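Visitor: Hi, I'm new here. Could you walk me through the charged side chains?
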Amino acid sequence: MAKIYVTDRNGGENEVEVPIGVSLMEPLRDEIDGGIEALCGGMCSCATCHVFVESEWFAKLEARQDDELELLEGTECFEDGSSRLSCQIIMRDDLDGMRLTVAPEE
Ligand code: FES
């Protein structure tokens, strides 16, 4: 398990436990009021799991794949240096303490 710190859409601060080896999507969808919708269930086809990852942590993530980047670039609030689809971020030990913010609803 690792812990991440999430600012939700209501501005609330949340500590969320995420098992190592799984995506951030489910905990962000299931455990937070004002969290993500994740309408496609993690298939990288809806962009409703969009989050902004703080830069220090963003740099540690694996690079976005083309399909993830395409979806993100189609959102109104895309930020090149922080936007990720949370279904494409797999939890690792060294991401313990990561901070992110849920993107606005579109
Ligand atoms: S849950 Fe749909 S793209 Fe991530």
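**Charges and their partners**

Guide: Let's start with E15, which is exposed at 53% relative accessibility (exposed means over 50%, buried under 20%, partly exposed in between, using a 1.4 Å probe and protein chains only). This is a predicted model, where local features need pLDDT of at least 70, side-chain atom pairs count only at pLDDT 80 or more, and totals for chains, interfaces and linings use all residues. Residues are numbered from 1 along each chain as its sequence is written, and side-chain values use heavy atoms, leaving out hydrogens and water.

Visitor: Which side chain does E15 meet in a salt bridge?

Guide: That is K3, at 3.2 Å from N to O (a salt bridge puts a side-chain nitrogen of Lys or Arg within 4 Å of a carboxyl oxygen of Asp or Glu). E15 lies in strand β2 (residues 13–18) and K3 in strand β1 (residues 2–7), so the pair ties together parts 12 residues apart in sequence (strands are DSSP runs of E, at least two residues, numbered from the N terminus).

Visitor: What about R92, what does its side chain meet?

Guide: R92 forms a salt bridge with D94 at 2.8 Å, N to O. R92 is partly exposed at 24% relative accessibility, and D94 is partly exposed at 41%.

Terms used:
Helix = DSSP H or I, 4+ residues; strand = E, 2+ residues; numbered from the N terminus.
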